[in-house]
Amino acid sequence: MSAPATPNSEKLYARAREVMPGGNTRTTVYRKPHQIYAWRGDGCRITDVDCHVRIDALGNFTSLIHGYGNRQILEAATRQLEAGTCFGMPTESEIRLSEILCDRLPSVEQLRYTNSGTEAVMNAIKAARAYTGRPKIAKCEGAYHGTYDPAETSQDASPATWGDIDRPGSVPTAKGTPQGVLDDVVVIPFNNTPVAEAILRASGNSLAAVLVDVMPNRAGLVPAKPEYLAMLRRVTRELGALLILDEVITFRLGYNGAQGRFDIDPDFTTLGKIIGGGFAIGAIGGRAEVMSVFDPSKGPPAVPHGGTFSANPMSMSAGIAALEELTPAAFQKLEALGDRFDQGIRACFARHRIKGQVTGLGSLRRVHLTDAPLSDYRSTFAADGAARVSALAKALFDEGVIIAGNGLMAFSTAMEDADIDEIVRAFDRALLPFS
């Protein structure tokens, strides 16, 4: 299928180039020869400014778990909009959202809010350093945790820069990252239990925290091995370091998040995306003891934290509505949708005689054009053929389905079986050139 005509988007992009670098303000949505501009969303579909309709199988990079136009979220946001969008005062809504999250996450006794997952991770790192009095953090090679300098270290490492597997290098993502930042980041391989443990133990008393995502997208969307997670929890306790679990994306894996699904007990949990009901949000939660570094009630806190729009009532109210809609039954539906897609795309691969596979769990899936075993960032990097997956994503866009350029997909409660079947049929057409 040839790309549909998009003259209105082309005109908008020409205007954008005059006032934004490259005409873009989100690298993740940049497209050539020009960006495609959204007009409105309904359910699981987006209509662009040229009236082309596509199924959104990405949900604004996993944040829209209820799709567009969910009635309960709209009503909650409208009531709050009429009452006031933000105040230089707290509101009851931040208490209610916190109560819901604390109830669902046994490891979380208290929370503070930010405006993005990046900010949540940033404050978790600062809090861990303040609590332990130590400088270094450890993170998994290839894992994405936002754009804070330490957190983004080695998320895009390559064979030319990543070093030996038993001592991965701390590789900057942004040019100009200070060497001092890199020196305080310990990089460990994902899912390699003995090597990761040896690296952590070598850091000894300088380690403040280990930052981990149990199913990191950029490392292949491969689930962590139980023994790997058990090692991280055991070793951090033995070393006196903290364990930070990044659930900005994986909180959508179940009613009790990824930590409930994987049976892991972190010290800090970072959240974002789906807890805001489509509005900007982030959160850091944990035991009252470690969260006390933010407490201003007894004088200046160890970690001062504010933010003009932190805990703004629009995000709080929409988030409450979104979570109230995320019942156990809703998660069962999402799980079934993911499994239905998995079965359908595997049949497509077989029909076209294409070597491919799907990784992920629940409503999070990632398509790979390889049948090589995937366990971590390096195995995914070596096997994946990123250019081919990117070409597939572009072909799917022309076929009426939106996925990420690396093959990531996120299903929503706005979808039904028929929508999944339509997505699979689009894959069937888009895969023809790859046969």
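Helices (H or I, at least four residues) and strands (E, at least two) are DSSP runs, numbered from the N terminus. The structure is a predicted model, in which local features need pLDDT of at least 70, side-chain atom pairs count only at pLDDT 80 or more, and totals for chains, interfaces and linings use all residues. Residues are numbered from 1 along each chain as its sequence is written, and side-chain values use heavy atoms, with hydrogens and water left out.

The protein holds 16 helices and 14 strands. Its radius of gyration is 22 Å, close to the 22 Å that the globule rule gives for 435 residues, so the protein is as compact as a globular protein of that length. This radius is taken over C-alpha atoms, and the rule is 2.2 Å times the number of residues to the power 0.38. Along the principal axes, the C-alpha atoms fill a box of roughly 60 × 55 × 45 Å. Of the 435 residues, 54% are buried (under 20% relative accessible area; exposed is over 50%, partly exposed in between; 1.4 Å probe, protein chains only). Contacts (heavy atoms within 4.5 Å) were counted between residues at least 6 apart in sequence, and 69% of them join residues at least 24 apart.

Most residues other than glycine have a negative phi, and most peptide bonds are trans. The peptide bond from Lys32 to Pro33 is cis, with omega near 0 degrees. Pro33 sits in the loop between helix H1 (7-19) and strand S1 (38-42). Cys51 has a positive phi, near 70 degrees. Cys51 belongs to the loop between strand S2 (45-48) and strand S3 (53-56), and is exposed at 59% relative accessibility. Leu221 also has a positive phi, near 55 degrees. Leu221 lies in the loop between strand S7 (207-212) and helix H9 (226-239), and is buried, with a relative accessible area of 1%.

Met409 is part of strand S14 (residues 408-410). Met409 is buried, at 0% relative accessible area. Beyond its neighbours within four places in sequence, Met409 is in contact with Ala57, Phe341, Ser363, Leu364, Arg365, Val367, Ile403, Ile423 and Phe427. Met409 and Gly67 are 342 residues apart along the chain, and their C-alpha atoms are separated by 13 Å. Asp184 falls in the loop between helix H7 (179-183) and strand S6 (185-188). Asp184 is partly exposed, at 25% relative accessibility. Residues up to four places away aside, Asp184 touches Arg129, Pro135, Lys136 and Ile137.

Lining residues have an atom within 4 Å of a point. Grid points are joined across faces, edges and corners, and a volume is the space filled by probe spheres set on the points. One cavity of 30 Å³ or more was counted. The largest cavity has a volume of about 40 Å³. Its lining consists of Gly43, Cys44, Asp56, Gly59, Leu64, Gly67, Tyr68, Ala410 and Ser412. The second largest pocket has a volume of about 370 Å³. Helix H4 (92-104) and strand S4 (110-114) are the elements that give two or more residues to the lining of this pocket. The pocket is lined by 19 residues, of which Pro90, Glu94, Tyr113, Ser310 and Ala311 lie nearest its centre.

Definitions and conventions
On a 1 Å grid over the protein atoms alone, a cavity is a set of points where a 1.4 Å probe fits but cannot get out, and a pocket is an open set with protein on both sides within 12 Å along at least five of seven lines; lining residues have an atom within 4 Å of a point.
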